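Here is a walk through a two-chain model, one region at a time. Keep the structure open as you read.

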Number of protein chains: 2
Amino acid sequence: MSKIKNDLFLKALRGETVDRPPVWMMRQAGRYLPEFMEIKEKYDFFTRCQTPELASEITVQPIRRFGMDAAILFSDILVIPQAMNIEVEMKPNVGPWLPNPIRTKKDLERVIIPNIQDSLGYVMDAIDMTKEKLNDEIPLIGFAGSPWTILCYCVQGQGSKNFDKAKEFCFTQPLVAHQLLQRITTTTIAYLKEKVKHGVNAVQIFDSWGGMLSPTDYQEFSWQYIQQIINALKKETHVIAFGKGCWFALNTMAQSGASALGVDWTCSARNARYLTGGNITLQGNFDPSRLFSPPSEIKTMVNQMIKEFGKDRYIVNLGHGILPNIPVENAKAFVDAVKEYQE
Amino acid sequence: MSKIKNDLFLKALRGETVDRPPVWMMRQAGRYLPEFMEIKEKYDFFTRCQTPELASEITVQPIRRFGMDAAILFSDILVIPQAMNIEVEMKPNVGPWLPNPIRTKKDLERVIIPNIQDSLGYVMDAIDMTKEKLNDEIPLIGFAGSPWTILCYCVQGQGSKNFDKAKEFCFTQPLVAHQLLQRITTTTIAYLKEKVKHGVNAVQIFDSWGGMLSPTDYQEFSWQYIQQIINALKKETHVIAFGKGCWFALNTMAQSGASALGVDWTCSARNARYLTGGNITLQGNFDPSRLFSPPSEIKTMVNQMIKEFGKDRYIVNLGHGILPNIPVENAKAFVDAVKEYQE
């Protein structure tokens with residue numbers, strides 16, 4: 001693998017000392033950027049994901065504008081269920097829509113473990129094209145949803161405040177739930193390994209809905225599958241595990257072999273360092289809604305955040321995805337504050 | 001005040017030793033009960049709230065069926081903004097709908113601090129009627145939403161996954177936000193004091209959306225107002241503060257003068273006792289979705305939960321409201337497990 005010129009992000013993942021922490025933003029490729037909105041008007045969601053020229057262009061748009069220290073491939077966690085023979089649509093103003101959700105043992109029969117190159121080759125092409133565009137200037141991050149989070153959509157059939165149907169499924173048919181989770185896990189491992197082969201420098205697991213579970217249920221229905229993924233990938237690449245609302249599991253996560261853990265804004269730097277034992281690299285945790293604050297205030301808050309986490313073993317990020325209606329200059333203030341950081 | 005025959009709940013609030021912990025369920029009056037659904041078919045939401053005969057009947061329905069150790073008045077947190085001259089509708093399949101949300105300083109002008117007896121007298125009548133029906137068998141709980149949670153609806157205009165508009169309002173117009181929060185607080189204090197006069201034995205503050213805020217923003221936009229309410233009420237009655245997702249503030253809450261703190265299922269008994277210092281009564285924290293489990297499993301889990309919290313200084317409850325489609329026999333198993341509890 002060729003040498004990455006700006007290796008701040010990789011240094012942070014390895015726990016090395018840096019002059020300033022690296023910065024990237026969850027969902028940085030997307031919704032809040034005018035140049036993204038232009039593409040969005042012309043092509044629907046899955047066309048954007050499935051066309052390597054578009055996906056790679058969207059991936060590098062924020063880098064051109066703001067110069068983050070890492071790029072994250074434009075894609076979606078729901079390409080996995082799609083490849084597993086579960087229909088997924090993206091409905092305007094609704095979001096993900098799965099017309100035939102998985103609710104029974106019978107439904108599970110049609111869920112396949114796909115051949116990655118056949119069904120998700122377009123993602124690999126997008127990685128190849130993005131790597132070319134990035135020209136080894138910065139690292140590229142690949143990602144996948146956690147098996148639990150993917151299950152949530154597969155069973156609920158759409159987004160939800162509490163994913164009650166997904167939880168009902170797990171609590172009334174745990175054996176079927178575990179079979180589905182294992183198929184998603186097996187697929188995700190093959191998918192991420194293929195991404196690594198195509199040159200991504202790190203992978204992040206998004207457990208967006210892990211925080212809906214009790215600590216006991218989290219271990220059973222979410223964490224054990226994330227741990228499988230980490231075990232399978234950690235020798236080949238850096239794994240970042242991000243569980244929204246999963247503060248209660250940070251202790252376990254810190255011993256998983258992940259290179260870094262994402263935290264959200266409800267978990268202070270002090271709590272996060274305490275709960276993880278103080279040695280692992282942490283990533284986060286600016287409240288995405290706080291990007292509505294005036295740019296000068298954003299800069300002050302980012303500086304305060306770096307002070308609290310410490311500049312080492314730390315990756316500056318939001319605590320969840322950026323909101324679509326954030327002013328561009330506010331996103332810029334966030335990145336600039338980190339790049340201007342001085343101890 | 002006359003003596004309550006079953007005073008388990010009050011004993012727990014006072015921190016006294018009991019043979020078994022008391023039990024009630026958040027939103028126990030409502031959606032999962034067939035006898036409630038019968039009333040629901042005939043009368044719309046606010047008719048049910050505003051008709052003391054209906055509200056008191058709905059309040060005692062679950063007591064007749066299951067014999068919980070406390071009743072909670074059937075009402076809604078949104079009767080407060082309604083009384084403050086903010087229109088609130090309840091739309092089927094949508095939930096709360098506020099056609100004219102508060103988004104500017106100008107919008108705030110029409111928000112009044114109402115005379116409680118004039119605008120919310122129907123709640124007091126419902127309390128009088130419920131007290132009569134309960135005949136001092138068990139205590140009656142009154143409640144209100146936290147000012148932050150009420151603001152969320154007033155600004156967003158409806159339920160939301162992240163209350164982005166409410167947070168944008170607070171972070172771009174903090175002065176206006178604080179004026180609105182103070183008006184809600186002042187109204188809520190007068191409202192709860194009137195409830196106490198009419199004989200409720202405790203009040204609970206529901207901060208359903210406090211967990212959307214960072215610890216710093218939580219102090220500024222939510223907790224300081226809840227503290228005002230506790231300060232105003234604590235000499236007259238027991239206050240229970242429940243903040244969903246607010247584990248990070250339990251330490252502060254434990255020093256507030258509240259008689260008990262509610263916790264949700266993401267915070268284990270061990271964490272909750274640790275974070276609150278071990279001396280305050282805790283209430284919770286069964287995952288409402290776990291009531292989908294078979295009754296025998298529910299009973300095992302409830303016993304385990306009591307073991308972990310300890311029987312004293314503990315009130316058995318769910319960690320949030322009961323879901324509408326929970327089988328009645330499963331709700332019964334939850335209550336029965338507590339009533340059958342033996343050390």
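A residue is called buried here if 20 or more other C-beta atoms lie within 10 Å of its own, exposed if 12 or fewer, and partly exposed in between. Bear in mind that this is a predicted model.

## A covered helix

With that cut-off in hand, take helix H8 of chain B, residues 147-156. H8(B) is mostly covered, with 10 of its 10 residues buried. The buried set includes Pro147(B), Trp148(B), Cys152(B) and Gln156(B), and Leu151(B) is in there too. Just past the end of H8(B) sits Gly157(B), which takes a positive phi of about 90°.

## The nonpolar core

Which residues have the most contacts inside the largest nonpolar core? They are Leu151(A) and Leu151(B), in a core of 230 residues. Looking at the chain A copy and skipping neighbours within four places in sequence, you'll find Leu151(A) in contact with Ala166(A), Ala177(A), Leu180(A), Leu181(A) and Ile184(A).

## Where the chains meet

Now for the interface. On chain A, 22 residues are in contact with 22 residues of chain B. Helix H9 of chain A (residues 164-172) gives the most to chain A's side, with five residues. Sorted by class, that side of chain A has seven nonpolar, nine polar and six charged residues.

How are the two copies related? Two copies of a chain are related by a rotation about an axis and a shift along it. In this model, a rotation of 180° with 0.0 Å of shift puts chain A on chain B, at an RMSD of 0.0 Å. That is the relation of a two-fold axis. Within chain A, the residue that comes closest to the rotation axis is Lys161(A), its C-alpha at 2.9 Å. The copies meet through the same surface, because 100% of the interface residues of chain A are also interface residues in chain B.

## The sheet in chain A

Chain A has an open sheet of seven strands with parallel pairing, in the order E1-E4-E5-E6-E7-E8-E9. Its edges are strand E1 (71-72) and strand E9 (314-318), each of which pairs on one side only. At the E9 end, strand E8 (residues 281-286) of chain A pairs with E9(A) in the parallel sense over five bridges. Among the partners there, Phe286(A) is bridged to Leu318(A) in E9(A).

Over at E1, look for helix H7 of chain A (residues 116-134). H7(A) lies across E1 and strand E4 (140-145) of chain A, running at about 150° to E4(A).

## The sheet in chain B

In chain B, seven strands form an open sheet with parallel pairing, ordered E1-E4-E5-E6-E7-E8-E9. Strands E1 (71-72) and E9 (314-318) of chain B are the edges. E1(B) pairs with strand E4 (residues 140-145) of chain B in the parallel sense over two bridges, and Ile72(B) stands opposite Ile141(B) in E4(B). Helix H10 of chain B (residues 174-197) lies across E4 and strand E5 (202-207) of chain B, at about 170° to E4(B).

## A stop at Ala269(B)

Is Ala269(B) buried or partly exposed? It is partly exposed, with 19 other C-beta atoms within 10 Å, where buried would take 20 or more. Ala269(B) belongs to helix H13 (residues 269-276) of chain B. Leaving aside neighbours within four places in sequence, Ala269(B) is in contact with Met305(B), Glu308(B) and Phe309(B). As for Gln283(B), it is 14 residues from Ala269(B) in sequence and 9.9 Å from it in space, C-alpha to C-alpha.

Key: Residues numbered from 1 in each chain as written. Chains lettered and ligands numbered in written order. Predicted model: local features only at pLDDT ≥ 70, side-chain atom pairs only at ≥ 80, totals over all residues. Core = buried A, V, L, I, M, F, W, Y, C linked by C-beta atoms within 7 Å. Contact = placed C-beta atoms within 7 Å. Helix = DSSP H or I, 4+ residues; strand = E, 2+ residues; numbered from the N terminus. Nonpolar A, V, L, I, M, F, W, Y, C, P; charged D, E, K, R; others polar. Least-squares fit on C-alpha atoms with pLDDT ≥ 70 in both. Pairing = 2+ DSSP bridges. Axes fitted to C-alpha atoms, helices over the stretch in contact; angles between N-to-C directions.
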